[in-house]
Amino acid sequence: MESEDTICYCFHISKRKILNFLRLHQPRRASQLSECGGAGTGCGWCVPYLKRYFEESRAGLSASVDLLTPEAYARQRAEYIRAGKGTPPGGAGAEVEASP
Ligand code: FES
């Protein structure tokens, strides 16, 4: 995952935007990342990633390398939605489907 890749599909928020928010606002809790355009408040898929970026930021670490490709991330999120584990707000991001 590169900085321009989307982390929160529900609200179309990039990794760069998340990392910039962490750097500029230095939130005290991971849940405050919701103030970054609503990140994490939709289907919930991205929450573990948001928490990890938050923890790395708190520890003074730069964001670790994400081993997932953007395609794999999107595919896993689509599977998460299809499995009924989360519902995108108003269907936002529901168009993200896995490639066969
Ligand atoms: S992908 Fe972030 S809340 Fe759905």
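**View A. The outward face of helix 2.** On the side of helix 2 turned away from its buried face, Pro48 and Arg58 are exposed (over 50% relative accessible area; buried means under 20%, partly exposed in between, with a 1.4 Å probe and protein chains only). The model is predicted: local features require pLDDT of at least 70 and side-chain atom pairs pLDDT 80 or more, whereas totals for chains, interfaces and linings use all residues. Residues are numbered from 1 along each chain as its sequence is written, and side-chain values use heavy atoms, with hydrogens and water left out.

**View B. The buried face of helix 2.** Tyr49, Leu50, Tyr53, Phe54 and Glu56 are the buried residues of helix 2. Viewed down the helix axis, they fall within an arc of 165° (taken from the directions from the axis to the C-beta atoms) and therefore line one face of helix 2. Their cover includes strand 1 (6–8), helix 1 (15–25) and helix 3 (70–82), where contact means heavy atoms within 4.5 Å. Helices (H or I, at least four residues) and strands (E, at least two) are DSSP runs, numbered from the N terminus.

**View C. The residue after helix 2.** Gly60 follows helix 2 and has a positive phi, near 75°.

**View D. The two sides of helix 1.** Lys15, Ile18, Phe21 and Leu22 are buried in helix 1. Down the axis of helix 1, these buried residues fall within an arc of 130°, so they line one face of the helix. Arg23 and Leu24, on the other side of helix 1, are exposed. Among the elements covering the buried residues of helix 1 are strand 2 (13–14) and helix 2.
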